[in-house]
Amino acid sequence: MNDFKLGFGFMRLPIINGDVSQIDYNKVNTLVDYYIENGGRYFDTGFNYHNGKSEEAIKKCVIDRYSRDEVLIADKMPIYGMTINDNPENIFQTQLERCGLDYFDYYLVHNTSDLFYNGVCKQLNVFDYLREFKKEGLINKLGISHHGTPEALNQVLTENQDIEFVQLQINYVDWKNDAVQAKKCYEIVKDNGLDVFVMEPLKGGNLVNVPEKVEKLFQSYNQKSPVNWALSYVLNLSSVALVLSGMSDLKELQENMSIVKDFKTMNNDELEIIKQARDIINDSIEIPCTYCDYCFKYCPKQIPISKYFSIFNDEKQSKVDQMLNYLYYDNYAEKFTKASSCVKCGACEKVCPQQINITEELEKVVNLFEK
């Protein structure tokens, strides 16, 4: 990997007509070209991103258009969505074919929480498969993407000492979040002497449009954007080798690349301001959702949970009623299912990386938008 620390995540690509399966390849090509022309190399995808079309976008927009040695491609074994009937080898071969690759530069076990690691991951001997693939030259670097507790992370690293890097959700809000426990997880990886790859540095976009009080706090010190403050925070951590960002338009990409290129170590005053911003944001965000949509796949009623949480949070953070939020809710309810359709089965909560009490939070959505 080169010294440029910004990775391009293919999780939130530009789409057509609001359909996550319909990727706008022309726009993605523009983003990819700019990213590579300005020093970027690392592209991250996943088996279920964009309903499987993200991996195909890697082939069409990256592999088919650039020399293989110009780029680094990362993919993941989706243990969070697998059952005992799945075959890791078949999934891996499907990923290679979708991406148009002979090998992966980086490959991760996706979501090594206690539930999935000690469940289907061990039942299917996933790590044994991946070690064999690595021997065959199909994987260069083996890592994990961790959304679980520090205890689970320690277990995974202890039992698999050939892991070479760890991808963690880190941002200044989640640093001391009781559910995510980013700081504790980071310190475990650091103590093991491994590189940290950061995901969700902007917390699913939550740290782009911060509360007005936070905006004023930042502006009182310098003219840097909230995005700059958020990315600088994770770049400031000594063991961070890469920061992943899911960029869906050119303006976002340009801003992120500029921030990474111009980054300078944060001073104590800036870190103190970050602490104050964290407190303000924690007091203002009702539901700490990062809109990853893992819950939607497991919901038997196909409730667009993350969409409802996004609309709910926006309405709660607004100073006045935003009537468009009620319209957006009605539109999703008509296309999918109302929040009140929840049967409280708890399937969504088992896969939620943020460990949100989803059924309880959906009641708030119902009370706001349906009553």
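Mentor: In this predicted model, a residue counts as buried when its relative accessible area is under 20%, and as exposed when it is over 50%.

Trainee: Is His50 buried or exposed?

Mentor: His50 lies in the loop between β4 and α2, and its phi is positive, near 50 degrees, although the residue is not glycine. Its relative accessibility is 7%. Buried means under 20%, so His50 counts as buried.

Trainee: Is Asn17 buried or exposed?

Mentor: Asn17 is placed in the loop between β2 (15-16) and β3. Its phi is near 55 degrees, a positive value in a residue other than glycine. Because its relative accessible area is 75% and the limit is over 50%, Asn17 is exposed.

Trainee: Which elements do the buried residues of α1 pack against?

Mentor: Helix α1 covers residues 25-37 and reaches 18 Å from its first C-alpha to its last, close to the 18 Å expected at 1.5 Å a residue. Within α1, the buried residues are Val28, Asn29, Leu31, Val32, Asp33, Tyr35 and Ile36. These buried residues pack against β1 (6-9), β3 (19-23), β4 (42-44), α2 (53-63) and α10 (250-262).

Trainee: Which residue just after α1 takes a positive phi?

Mentor: The helix itself spans residues 25-37. Just after α1, a positive phi of about 105 degrees is taken by Gly39.

Trainee: Which elements do the buried residues of α4 pack against?

Mentor: In α4, the buried residues are Phe116, Tyr117, Gly119, Val120 and Cys121. After α4 comes Asn125, with a positive phi near 55 degrees. The buried residues of α4 pack against β6 (104-110), α5 (126-135), α6 (150-159) and α15.

Trainee: Which helices each supply at least two residues of the lining of the second largest pocket?

Mentor: The second largest pocket is lined by 14 residues, and Ser113, His147, Lys350, Cys352 and Gln355 lie nearest its centre. The lining divides into five nonpolar, six polar and three charged residues. At least two lining residues each come from α4 (114-123) and α15 (347-351).

Trainee: What volume does the second largest pocket have?

Mentor: Rolling a probe the size of a water molecule over the atoms shows where empty space is left. For the second largest pocket, the volume is about 180 Å³.

Trainee: With the side chains of which residues does Gln169 make polar contacts?

Mentor: Gln169 is found in strand β8 (residues 165-169) and is buried, with a relative accessible area of 4%. Beyond four places in sequence, its contacts include His146, His147, Val180 and Met199. Its side chain makes polar contacts of 2.6 Å with Asp174 and of 2.8 Å with Gln354. The residues asked for are Asp174 and Gln354.

Trainee: Which residues does Tyr294 touch, not counting residues up to four places away in sequence?

Mentor: Tyr294 belongs to helix α12 (residues 294-298). Its relative accessibility of 8% is under 20%, so Tyr294 counts as buried. Beyond four places in sequence, it touches Tyr80, His110, Asn111, His147, Val351 and Pro353.

Trainee: What distance separates the C-alpha atoms of Tyr294 and Ile139?

Mentor: Along the chain, Tyr294 and Ile139 are 155 residues apart. In the model, their C-alpha atoms are separated by 26 Å.

Note on methods
Residues numbered from 1 in each chain as written. Predicted model: local features only at pLDDT ≥ 70, side-chain atom pairs only at ≥ 80, totals over all residues. Heavy atoms only, no water. Helix = DSSP H or I, 4+ residues; strand = E, 2+ residues; numbered from the N terminus. Buried < 20%, exposed > 50% of the residue type's maximum accessible area, 1.4 Å probe, protein only. Polar contact = N/O pair within 3.5 Å; in protein donor to acceptor, adjacent residues only side chain to side chain. Contact = heavy atoms within 4.5 Å. 1 Å grid on protein atoms, 1.4 Å probe; cavity = no way out; pocket = protein on both sides within 12 Å on 5 of 7 lines; lining within 4 Å. Points joined across faces, edges and corners; volume = space filled by probe spheres on them. Nonpolar A, V, L, I, M, F, W, Y, C, P; charged D, E, K, R; others polar. Expected span 1.5 Å × (residues − 1).
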